[in-house]
Every structure is written in C-alpha cells, then in structure tokens.
There are 2 protein chains.
Amino acid sequence: MFMGAVCVSGGPRQHDNWFRLPLNEGVFTVLVDVRKADCEGYPDPDSSESLESFSQLVYQDDFGQYFVNKTEIDDFPRFKFRGLLLDTSRHYLPLPAILKTLDAMSYNKFNVFHWHIVDDPSFPYQSSTFPGLSSKGAFHPSTHVYSQTDVSRVISHARLRGIRVLPEFDSPGHTQSWGKGQPGLLTSCYKGSVPSGTFGPVNPAMSSSYQFISRLFKEVASVFPDPYIHLGGDEVDFTCWKSNPEVRGFMQKMGSLTSPGFAGIVLPFSTLVQIPEETVLHIWKGSPAQIQQELSDITLAGYRVILSAPWYINHIAYGQDWTTYYNVQPLNFTGSEQQKSLVIGGEVCMWGEYVDATNLSPRLWPRASAAAERLWSDEKTTSSVTDAFPRLTDFRCRLLRRGIQAEPLFVGHCRHEYEGI
Amino acid sequence: MFMGAVCVSGGPRQHDNWFRLPLNEGVFTVLVDVRKADCEGYPDPDSSESLESFSQLVYQDDFGQYFVNKTEIDDFPRFKFRGLLLDTSRHYLPLPAILKTLDAMSYNKFNVFHWHIVDDPSFPYQSSTFPGLSSKGAFHPSTHVYSQTDVSRVISHARLRGIRVLPEFDSPGHTQSWGKGQPGLLTSCYKGSVPSGTFGPVNPAMSSSYQFISRLFKEVASVFPDPYIHLGGDEVDFTCWKSNPEVRGFMQKMGSLTSPGFAGIVLPFSTLVQIPEETVLHIWKGSPAQIQQELSDITLAGYRVILSAPWYINHIAYGQDWTTYYNVQPLNFTGSEQQKSLVIGGEVCMWGEYVDATNLSPRLWPRASAAAERLWSDEKTTSSVTDAFPRLTDFRCRLLRRGIQAEPLFVGHCRHEYEGI
C-alpha cells in the first residue's frame with residue numbers, strides 16, 4: 001500500500017477485471033508502474049502528485065478479503081498547496097502525535113505540514129544557535145521540546161509521504177516565550193514614562209534584534225529543507241511599541257509602523273508596501289466578504305495566496321459541521337482567470353488553545369477530510385454535501401482501519417471499530 | 001492506590017507530617033484503616049462512600065517522587081446518585097472503552113453507570129431469551145454485540161470501583177432495532193386506511209407485546225444485580241399509534257394515551273397517573289425554567305428525582321463550556337427542605353449520535369469532572385468557577401497520568417502528557 005508520492009515501480013498483477021490480494025491491507029505487495037518519478041529529493045511546490053489516489057481503490061469484501069478494481073487512474077489536485085497547521089506552542093504535541101497526523105494527512109492528500117512550532121506560550125524548538133530559547137522558553141526544558149533529531153524525523157516522515165514541512169517562526173508579535181531565553185529581545189511596554197514590567201513584540205529599535213532574528217532564521221533555513229519559511233506576522237501589539245519612547249523614536253525615523261523585516265503579512269493588504277514578488281500571502285482571518293475582497297486585492301497585485309480563514313478547524317460545534325468546511329469555494333471572488341490561478345491553495349488550521357494529543361486526531365478527522373476533498377477534487381463533481389456524506393462516512397471507516405482515531409459523522413458503525421485503550 | 005469504595009484494611013505508615021512512597025503512583029502499597037466496610041455485595045443506593053477521596057491526596061514532587069500529606073479525611077457526597085450515561089446503540093462502544101470509562105468514573109466519584117444499551121439504531125445486548133434481538137438488530141451479529149460475559153465483566157469492573165450498573169431498555173418508543181428480531185412487536189403505522197410500511201413504538205394493543213416485554217425484563221432483572229431498571233419511556237410517537245386502527249380502538253377502550261406498563265417517565269409530570277411510590281423520576285430535557293417547575297412538581301408529589309437536562313455533555317461548544325456544567329445548581333427551585341431532599345442526584349448524559357470510542361474519552365473528561373464536583377462537593381465551598389479552574393486543570397493532569405485521555409481546559413501543559421498512538 002502506498003500513500004503520498006511514494007516511489008514504486010513495476011506493473012500491476014491483473015486477472016481479468018479484479019485481482020485478489022493475498023494478505024491484509026497493511027502488508028500486501030502491489031507493483032505499480034510510475035511514469036514520472038521525482039522522489040530523490042524533498043517534495044517541493046512543483047512535485048508531481050498524480051499517484052496518490054491508488055490506495056483508495058482497495059476495498060474489502062464480506063469475507064475480509066481485499067480487492068482492487070482494475071482502473072486507469074487519471075487524478076491530479078485542483079490546488080497545489082493543501083496544508084494543515086499544527087500548533088505546538090499552546091500545547092506541546094509529542095512526536096508520535098505529529099507522525100500519526102502526517103500519516104493521516106497523506107491518506108487525505110494534504111501535502112504541506114505547516115508547523116506553527118513556537119508562539120507566546122512556549123518555545124519547544126531546540127535551537128543549536130540559541131539553546132536558551134527552549135531551555136527557558138519551553139514548558140519543560142527536556143520533556144516538552146523538539147530536538148534536532150525530532151525535527152529530522154518529522155521532516156523525513158513527511159518526505160516519504162509526499163509532504164512538505166513549512167516551519168513557522170511567528171514574529172515580531174506572538175513572541176512572549178522567545179523573551180525568556182533572549183533577554184532584551186522584546187519591547188519593554190511603558191505605562192506613562194515608566195516601564196510597566198510587561199513586554200511586547202520584538203524590539204525593532206535595537207540592532208541586536210535584527211542580528212538575533214537573522215541568525216535564528218539562518219539556522220531554521222538550514223534545518224528545514226523547504227524553500228519557504230512562514231513568518232507569521234499577525235496580531236502585533238502596536239500599543240506596546242508606541243508606549244516605548246525608544247521604539248517611538250525609531251518609528252518616526254523610519255516613517256512607518258511596519259518596520260522592514262517585520263511586515264505582518266496578514267495586515268490589511270492595502271497597508272503593506274514593498275513585498276517581494278515571490279512572497280506567498282496567507283489569509284488567516286476575516287468574514288466571507290472580507291476574504292473575497294482580500295483575494296481580489298492580493299491577486300490583482302499579482303501575488304500568490306493561500307486561504308485559511310474558513311478552515312479554522314479548532315472551532316468546534318455540535319453536529320455535522322464538516323459541511324461548512326466542505327462548502328467553501330476558494331475561487332468565489334471577483335477576479336480574472338489569471339487572478340484565480342494565483343490562489344494556490346488552502347490550509348486547515350488546528351490552533352492549540354484547547355487541543356493537545358488527547359483530542360487532536362478525533363477533532364481533525366474526518367472534519368479536515370472535508371476540506372481536503374475541496375482542495376483536491378474538481379468543483380463540479382464535488383458540489384453536493386448529500387453526495388459527499390456516504391463517501392466521507394466510508395472514508396472515515398477507512399481511516400479507522402488504518403489506525404487513525406477519526407470520529408464518526410453520525411449514527412452508524414464501521415466494520416473495524418476503534419477499540420479504545 | 002485505591003479509588004471507589006475499594007476494601008482495604010490496616011493502618012497507614014506515617015513519618016511525621018509526610019511519608020515517602022517507594023514506587024510510582026500505580027503500584028505502591030498503602031494500608032488504610034476502614035472503619036465501616038460493606039464490600040461483599042454489589043454497590044447499591046445506600047452504600048457508604050466516604051472513602052473515595054484518599055487517592056486525590058497523593059502528589060508528585062519536582063523529582064518525580066510521590067507524597068501523601070498526613071490527613072484526616074472526612075469527606076462524603078452531597079448527592080447519593082451521581083450518574084453517567086453511555087449510549088451503546090447509536091454507536092457501538094467496544095468493551096475496553098466502557099471499562100476505561102468506569103475507571104475514569106471512579107476517579108471522578110461517579111457511582112452509577114447508566115447503560116443506555118439499546119435504542120432505535122441497534123440492539124447490541126445479546127439476550128439469552130431472545131437471541132434474535134441482537135443477531136438481527138445489532139449493527140453486526142458477532143462483532144457489535146455485548147455477550148452475557150461482556151455484561152458480567154462490566155458489572156464486575158464497576159462493582160470493584162463502587163459503581164452501580166443501571167441498565168436501560170428504553171421503550172415503548174426508541175425500539176426500531178427491537179422490531180428486526182421480534183416481528184409483530186412494533187406498531188404498523190398507517191397512511192389513511194393502509195399500512196405505510198413504517199413502524200412505530202411497541203404495539204400496546206397486542207397481548208404478545210406484554211408477554212415479550214415481561215420475559216425480556218425478567219431476564220434483564222436477573223442479569224443486572226441493581227435493584228433498579230431504567231425504563232426510558234421518552235419520545236413516544238403517538239402519531240403512529242393513533243394512525244393504527246387496532247391501537248386506536250385499544251386506547252379508546254383503556255381511556256388513556258399512556259397505556260399501563262408503558263408510561264413515559266419524562267412526559268410532563270402532570271399527565272402521568274399512578275406511578276408507584278418507589279419510582280425514581282428522571283428529568284431528561286427542558287429549559288432552566290421548565291426544569292425548576294418539574295423539580296417542584298415532582299418533589300411536591302413526594303417522588304424522588306434525578307436531574308440530567310443541564311448535563312447533556314454530548315453537546316459541545318468551542319471554549320471552556322465546562323463552566324456551564326459547573327454552574328448548575330440542582331436545588332435551585334421553589335420547594336421545602338423536604339422536597340429538596342428528594343433530589344437524589346444528577347446524571348451526565350453522553351448521547352451517541354456523534355460519539356464512539358474514537359472521541360468518547362476526550363469529550364467526557366474533564367468536562368464531566370465539572371459536573372462530578374457539583375454532585376459531590378458542598379455548594380458553599382465550590383461556588384467559584386475561578387477557584388475551580390486551577391483545581392480542575394490539576395485534576396485533568398492527574399487523569400492523564402492515570403491513562404485517561406482527558407482533553408485540556410486551556411493553554412498549558414502536564415508533566416506527563418498523553419503520548420498519542
């Protein structure tokens with residue numbers, strides 16, 4: 001069984017219309033002829049992905065035997081970027097939970113693991129350049145960290161499943177945990193003319209801040225093979241910056257609130273200047289109307305864009321909320337064909353306020369599977385929630401069978417239930 | 001370590017104020033002197049429960065050692081009935097998931113497992129008298145059933161943790177699955193003067209229905225040692241009954257819609273007549289105002305009552321919804337002290353529309369723990385959500401440490417995280 005853009009070769013063993021597979025789903029061998037293989041390096045934004053559909057053709061009969069229907073597969077993704085964000089700062093996710101999520105991602109044809117690895121609450125990334133960041137900024141310096149080995153394992157596990165690992169080091173806001181191991185990095189907030197004792201975003205007035213960020217990002221770029229780094233950039237506390245006389249002076253000198261190097265990519269697009277052409281913009285938040293406007297504006301300016309706002313999957317509700325994720329139409333905005341081609345995909349975000357390894361899998365799956373189909377499949381053939389329901393129900397049982405703790409969509413059963421622990 | 005009303009004897013090994021325990025939490029030995037022991041039989045509504053608090057006094061220091069503070073425990077429950085309902089009909093729950101829930105219940109001082117074992121979607125109870133009920137009415141006749149051995153294991157596991165098993169065979173509504181293995185049991189619904197092909201509640205006009213129910217309940221009473229059986233009785237489809245000419249004639253003859261033996265205990269209380277005095281009534285549903293009225297009416301009439309309506313814990317919402325479960329005040333209704341003493345407790349209901357073993361534990365815990373404290377502890381000392389938050393956060397880590405997949409309340413960490421699988 002393969003999943004993701006795994007490299008295999010040979011020709012399928014066919015008997016008439018069906019061929020019987022000798023062993024259980026996990027271990028049989030099928031030889032598949034792959035015409036194009038680009039599997040020696042890491043997956044990148046241009047990797048071929050037309051192979052991922054084969055495994056979904058394996059079915060089980062009433063006697064437990066597995067079958068594959070003889071099929072010509074001509075399948076390819078609608079969007080090149082199909083991401084999933086995990087947040088390992090608000091709660092630490094032990095390595096097995098991340099690896100399991102990568103497995104499930106490949107079954108769902110997600111191809112980008114967006115690793116929101118650090119944030120205000122904790123800094124679990126063990127930096128070789130700045131070890132103090134995790135030894136002082138993680139929830140625990142030895143049990144709640146990702147070592148360089150851990151990071152390598154994640155990247156390697158992802159690579160074998162055709163998944164890119166896009167690291168995010170969100171700054172200059174969302175950096176409270178950074179300050180613990182890097183004194184002087186954060187802006188000291190003032191109350192009137194005296195420091196209040198609290199700290200704000202990274203201090204843009206200090207040249208040491210730039211030297212630090214530059215060295216950290218140099219390390220990150222060498223550890224993570226992906227050509228992109230996500231800079232976060234959201235929710236910067238300007239109030240603190242403005243309260244600090246030093247920063248105020250710096251801003252007046254620079255003539256701008258958004259200092260170079262710290263431009264928040266999710267600020268209203270119109271307020272941003274001088275974004276390099278190859279930057280991909282990411283729409284985190286907004287009402288449906290705001291999202292449509294942002295999509296129009298960004299693509300009109302010629303930038304590529306990723307959509308997350310409708311897929312904040314950490315927000316739960318009673319009942320079948322997967323339908324709202326399914327009904328998102330990323331190209332539903334005013335713009336030319338050329339503009340629409342700049343929407344390169346979307347991303348499901350599992351923010352970690354209320355999520356850790358105890359509830360990650362059942363909250364993600366199969367709710368994220370609904371977004372996955374939206375991002376992979378042609379819009380015309382997947383417009384009906386009614387048609388999708390039995391397909392998703394069946395797929396959820398398939399996930400269970402593969403060991404993914406995917407929750408039920410509604411009343412019913414799977415042949416192989418999750419047994420609990 | 002004991003939990004629940006476990007029988008132990010001897011005297012604690014004490015050194016000054018603290019005593020050090022040699023091994024890890026799961027395996028050390030502590031001898032506890034129990035003044036009163038009623039541990040030979042099954043737990044019943046009058047079992048003594050003042051022992052259950054000891055385990056919560058065990059703490060771990062920064063070096064991983066476990067300590068028990070020298071303490072005199074004088075703890076007892078505010079309400080005698082502290083129940084939790086699992087629904088094994090809308091989804092089948094494999095035995096390990098039920099046993100694990102019983103473990104967690106004992107840690108949370110719940111003392112009644114309300115087993116909503118059958119309902120419309122499936123009949124997993126393997127009856128020795130009527131084997132066709134499960135062989136035809138379960139989701140699967142061999143993998144999705146509870147054998148007599150399974151039931152015994154549940155009862156025994158519960159008993160050792162001081163938990164009663166209260167079986168529910170909901171009738172005469174909610175019996176669609178019963179009809180599959182017992183042809184002729186259900187009312188044939190009519191469209192005009194002809195049967196519509198659908199079936200409604202148990203047919204009250206047939207004497208065979210009473211014979212069947214009587215034999216089934218006789219078996220249930222012999223299998224389950226608890227002195228109570230829950231009769232469900234909710235949501236009876238009167239439209240189908242009224243459409244059937246035979247049932248209509250029977251009703252006219254009896255002069256009542258609610259035939260004897262099938263009285264729905266959650267119908268508006270005023271519509272019910274001739275309920276035996278020893279019956280405990282259960283408030284399933286209603287707005288806060290309706291609940292208060294029902295509590296007043298039922299207790300004024302001298303009946304004991306259990307409250308579930310505010311604790312439908314299957315209803316999820318984003319954020320810290322445990323506070324709503326915590327803020328319930330079961331005695332907040334107009335009535336005398338005598339009336340209030342008739343509110344014997346409450347029950348958390350985990351209905352199964354969207355829940356199976358994949359998401360059961362993280363949805364239950366620690367959300368149900370909030371209701372558990374409300375039902376156990378004195379109202380005066382547990383009125384503040386702000387005070388409860390750190391206590392519940394700490395208790396949730398304790399549950400994790402004991403292998404219960406309890407989800408986080410908010411941003412943070414536990415020393416021993418759930419590792420995922």
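The area buried between domain 1 of chain A and domain 2 of chain A is about 1,900 Å², and carbon and sulfur atoms give 49% of that area. This value, like the others in this report, belongs to a predicted model. The two domains divide chain A, with domain 1 covering residues 1-76 and domain 2 covering residues 81-402.

**Between the two domains of chain A**

Where the domains meet, 24 residues of domain 1 of chain A are in contact with 22 residues of domain 2 of chain A. The count of salt bridges between these two domains is one, and a salt bridge is formed by A:Lys109 with A:Asp75, whose closest N and O atoms are 3.2 Å apart. Across the interface of domain 1 and domain 2 of chain A there are also three residue pairs in polar contact, with both residues of each pair at pLDDT 80 or more. On the side of domain 1 of chain A that touches domain 2 of chain A, the residues divide into 12 nonpolar, six polar and six charged.

**Between chain B and chain A**

The contact between the chains takes 43 residues from chain B and 43 residues from chain A. The area buried between chain B and chain A is about 4,000 Å², of which 60% comes from carbon and sulfur atoms. Four salt bridges are found across the interface of chain B and chain A, and A:Arg363 forms a salt bridge with B:Glu407, the closest N and O atoms of the two residues being 3.2 Å apart. The interface of chain B and chain A also holds 22 residue pairs in polar contact, counted where both residues are at pLDDT 80 or more.

**Aromatic pairs**

Over all chains, a search of the whole structure finds 40 aromatic pairs, and the table sets out two of them.

| Pair | Distance between ring centres | Angle between planes | Arrangement |
|---|---|---|---|
| A:Phe113 and A:Trp115 | 5.6 Å | 25° | stacked |
| B:Phe110 and B:Trp365 | 6.0 Å | 55° | tilted |

The planes of A:Phe113 and A:Trp115 stand at 25°, so this pair counts as stacked, since the limit for stacking is an angle under 30 degrees. The planes of B:Phe110 and B:Trp365 stand at 55°, and the pair is therefore tilted.

Conventions. Residues numbered from 1 in each chain as written. Chains lettered and ligands numbered in written order. Predicted model: local features only at pLDDT ≥ 70, side-chain atom pairs only at ≥ 80, totals over all residues. Heavy atoms only, no water. Domains from an automatic or database assignment. Contact = heavy atoms within 4.5 Å. Buried area = accessible area lost by both parts, 1.4 Å probe. Salt bridge = Lys/Arg side-chain N within 4 Å of Asp/Glu carboxyl O. Polar contact = N/O pair within 3.5 Å; in protein donor to acceptor, adjacent residues only side chain to side chain. Nonpolar A, V, L, I, M, F, W, Y, C, P; charged D, E, K, R; others polar. Phe/Tyr/Trp six-rings, centres within 6.5 Å; stacked < 30°, edge-to-face > 60°.
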